[in-house]
Amino acid sequence: MGTRNTRRLCRLVLGLAWMAALPFAAPGAAAQRAHPHETPELPSDVSAAEVDRAAREAGFATAAYPYHDQPNACGPGDWRFHLVPDGPGGGVSFTPACNEHDYCYMGERDRGVCDQRLIHDAQAICRAAGLPSIPRFEDQIRHVGLTLEECLKTATSFGLAVDLLGEGVYAESQLQQRQYAAWLKAYLSVSALLFVFDVSGSMADQDRHRLNLEAADHVITLRMNQPAGSPKRRPAGVVVFGGECSPAAVRTITEITSDLAAVRRAIQTGIPGPSGGTPLSIARERADQVAADFGRRAAQTPVKVDVVLLSDGQDTCEGVRPAGVYGTAGPPRTGQRGVRYMTVGLGIEPGSAAERDLQFLASSTGGRYLSARSPELLRRTFTRQVRTYVPRRVPSTPGLDGSARRSFLAGALALQEGDFRTAADSFAAFTALHPGDAHGQYNLAQALEARDRYRGAAAAYRRYLATAPRAADRAAVQAMLSVLERDYTDHFAYQVELIRSDLAYLENYYQRLFDQDNASLAAEFRGFVLEKGAFYADLSDVLEIEAPWVDAAERDVGQSIQRLARRVDSPTFDRDAVSLLAVPIGHLEELVRALSAHRP
Amino acid sequence: MRSRRFILPALLAAATALTPRTMAAQTEVGIPFSRQDGYVLEFAAPYQTIRLDFGETQLTTDLVVEAGVAPALEIVDARGRPVERSTVLPGMEVVVAGEKLRSGFLVRSLRLRTRLDDWRVEVSGVFERLDGTMAVVGGQRVALDNGAAVQGAEQWRGRSFRSFDQMMLGSFVELSGRRGPDGLVRVREGRTWPNLFTETERALNAALKQGLQPPQQLAGGVMRIGDEEFRLVQDRALQAYVTRLGTSLIPRWMNELPEDDPARVVFRFYVIEDPAFNAAAWPDGTVIVHTGLLKVVQNEAQLAAVLGHEIGHVTHEHGRERYEESRTRGRVGSVIGGLGRAAGIQAPRVEVAGEVVDLGQVAQLGAGALSNVHSRGRESQADRVGLFYMVQAGYDPREAAAVWRRIAEATKPANAIESVTRRAEAFLFSSHPEAAARARSINREIAATYAGTDFSRLKTGAPEYQRAIAGLR
């Protein structure tokens, strides 16, 4: 009797310990958003085995059950695991029910359904265990060993406990599932590439033409080196433009095709020499058309096409931007028609009309604009334009608590989905708490690199190497460090030019205050603030300089621009601007002076 | 070695003995003088020289003199009792007597007119800064006496504040107390009330935007305020210079108000093409400076004094006060307004927030700080507050007095033939004695409030100023 009661007491204590061990973390914002993502169907030209291989390579256990090694019986999945019983004792284990419950959390929209199912499954295990049924409590006390009634009660209490306390676990599971779904989606949607080359006369300068083709050749070679069946071997095509303002000035060299060798041959031998003007707007029409043709021919829909468009000058025809658009097109319309413009400005003046055309093309299609200040930088610029960022899936540190793991997962998910700002913020916060986590550092480095924060990225890669001295990719990351140094120098020089161009723009704008009408001046300034406000608010971050004078410039330029921006609706906007705009212009002059003297 | 050790001190002693001691020339014949309304500006140990504001005399062209002190200087208080030299403080009123020698002034006796035991001061204005237990109100440094309390008024009626850190920056305060030797006013009692954005202010600000013709308000660089037109100087660098200087003078409490607070004034500074020596401010934060003023002013600190004074009119809501008085007493700016009427300009009237506002009135609300349109009390308050703003921004406040000395100089009958000053006189109603008096009162204020300030650490910014206005020359 004493033994029986002791055992019963033990079960009670273990049950309480189990409940206590469940994470108490409140559901975070990510958990609120969490909803199951359907795992995408595999397209016909992608093999399941290849996806499975890639998934394992990316850190998932298998493609079918991406977190196969994660379901952890009945515990919350960390050190508290050992405190948690796997069932009511007496040789009965709820582990299969708990594992099913874990899977359920990954995919189920309603957490309660999973918790109910856990009770149901655990009770089924009780019933199947052939336990003696002793309904009366008095009789139970006299009975040695587990009874069916006790087993059923324990099953219910597991379910209720999970229902009460499983919020954090549920959130984490959902994040894991979303991460896998996002990864698979990104993996499968590696886009067809369409190169659009500027072969106008100016491309003959400085070896521009040759280095442009070499850079494209490099990108195609990288694709060709992907294993067969990998979506990264997706098709490519080539369009060139140069000459008069007529469709004849744009030529489709190769339609988008899976025969990458043919594309490569075309790039190596089939591109005409540079001559004539820059019919950019006509080239854009043609690129859209080539992408649409590919969409019609392709087996599965929707298709994604990344148009890598390089130009070194301003459109010589009707223009690219609609009237009144400064450079970018407001919030990017991502995913529209699946065609993104990844534009590259080669040696064009930062802030010039030509650059704004390319910025507009990129931002209006959800793409990205990069400036290559000299032809030698084209290979790197092209590589950056087609680069995909693959996060490490889980922290490298074992035994982190649930909230730390969830914050890591949320960051990895953001990185996967291309929300680099959120990813960088998440991993900055994560690595601040867990600086020794190599995967956290690695992901932070990637997010920063994607945001053009090269200095920060290099620092994070260095910390990655320090925390994982035997990393398999050590050599590759080390090689990356010097590339990032160079990137930083180039990027810094570009930013300085950009600030100069803003200054020149505002100086010109100031003169126009005296003879242009108030409404159009106000609208134009609103556009400027919309596009440049964030840049100046982030100045020290963008420039990656930690110095009081940069902080001061960030504050002074930002505040003085905002002060005027708040008055765009005032009937006295133009006269207010005569006084108020003089201030940011002065601050920008100082900033440009300081930046010119600064050696990164 | 030994001999050398004695050579240096001996040489030093000889050099000291040979240095001409101007003030010790007792045998020289001088011109005796006595001034009833002198002010002490500086008098500190070892008490060998004294800086005095003399007012105008036939003995010097300058209002401020640096005088030597006779070894047997006699100092007595108001009742004729001898007092120590250390009791003489900057800002005190004195009867001064001595003689003018060829080499300079020598003071032989001082009689203090300020009561030593009870130097009463009334302070009023906006509570603009808190620094430990010290506060700045209306440009004066104040501290609460032990046990003293400031009573709440209007919305704060019934409340009582026992320290400045319980009070709200930017609120209105009236205090009375006594000035101590350090220039600090020790407050015995006072009252404070909130600085709210009133209906009157709303109406005034709206009225200032009336009469603008869309789409282009700034037609060819002409700015309209009420029924007046101002031609902007289209020189961005100069405009930026004045704007940035003006912006640097805005008190911190104003800058720290939330951007959407209606009481927050967004100051806008403009350089106006006009040869008259003038500057003005409107309640909505519009501040204008004429090119005629910029040409006369000599350095950045002097311009800071003018702009600080204008900002003071705005922060202390002198425009609203005048407008409210005009509604009880009849007309705003009757004198200047009369000029416009005389010229045949009929000001349009508009209805703003249920009130009929005369645009001519609105235009006149900004009428020159330097024009004495504001009452003498408001002008002195703006002077004091302007001094505070310029010192906060790092400028030498003594240059504020220099501005008025420049005007006094320019308006001297002998100099009035210059066209610029004739216009200045017409516009400013600033007669020569008034200008001189303003300079003196500013000097007195500096001496009292900024006693102990190391002015050499503050800037005047002459080269910067000359560079900035080079285009006007």
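Helices (H or I, at least four residues) and strands (E, at least two) are DSSP runs, numbered from the N terminus. By that count, H2(B) gives the most to the lining of the second largest pocket, with four residues. This is a predicted model, where local features need pLDDT of at least 70, side-chain atom pairs count only at pLDDT 80 or more, and totals for chains, interfaces and linings use all residues. Residues are numbered from 1 along each chain as its sequence is written, chains are lettered from A and ligands numbered from 1 in the order in which they are written, and side-chain values use heavy atoms, with hydrogens and water left out.

**Confidence**
- The predictor gives the complex an ipTM of 0.72 and a pTM of 0.68.
- Chain B has a mean pLDDT (the predictor's confidence in each residue, from 0 to 100) of 78, and 76% of its residues reach 70 or more.
- Residues 1-6 of chain B have pLDDT below 50 and, beyond near neighbours in sequence, zero contacts (heavy atoms within 4.5 Å) in the model.
- Residues 8-23 of chain B are also below 50, with four contacts beyond near neighbours in sequence.

**Second largest pocket**
- A pocket is an open set of points on a 1 Å grid over the protein atoms alone, where a 1.4 Å probe fits, with protein on both sides within 12 Å along at least five of seven lines; lining residues have an atom within 4 Å of a point.
- The second largest pocket holds about 690 Å³ of space, a volume filled by probe spheres set on the points.
- Of its 29 lining residues, the closest to the centre are A:Arg567, B:Asn205, B:Pro262, B:Arg264 and B:Val265.
- Helices H2 (199-208), H4 (252-255) and H6 (300-315) of chain B each give two or more residues to this lining.
- The lining divides into 10 nonpolar (Ala, Val, Leu, Ile, Met, Phe, Trp, Tyr, Cys and Pro), four polar (the others, Gly among them) and 15 charged residues (Asp, Glu, Lys and Arg).

**Helix H11 of chain A**
- H11 (residues 280-297) has 18 residues and reaches 26 Å from its first C-alpha to its last.
- That is close to the 26 Å expected at 1.5 Å a residue, taken as 1.5 Å times one less than the number of residues.
- Its buried residues (under 20% relative accessible area, 1.4 Å probe, protein chains only) include A:Leu280, A:Ile282, A:Val290 and A:Phe294.
- Their cover includes strands S1 (192-198) and S4 (305-311) and helix H12 (353-363) of chain A.

**A:Ala362**
- A:Ala362 is found in helix H12 of chain A.
- A:Ala362 is buried, with a relative accessible area of 2%.
- Leaving aside neighbours within four places in sequence, A:Ala362 contacts A:Tyr341, A:Thr343, A:Gly367, A:Arg368 and A:Tyr369.
- A:Ala362 and A:Val308 are 54 residues apart in sequence and 9.9 Å apart in space, C-alpha to C-alpha.

Key: Buried < 20%, exposed > 50% of the residue type's maximum accessible area, 1.4 Å probe, protein only.
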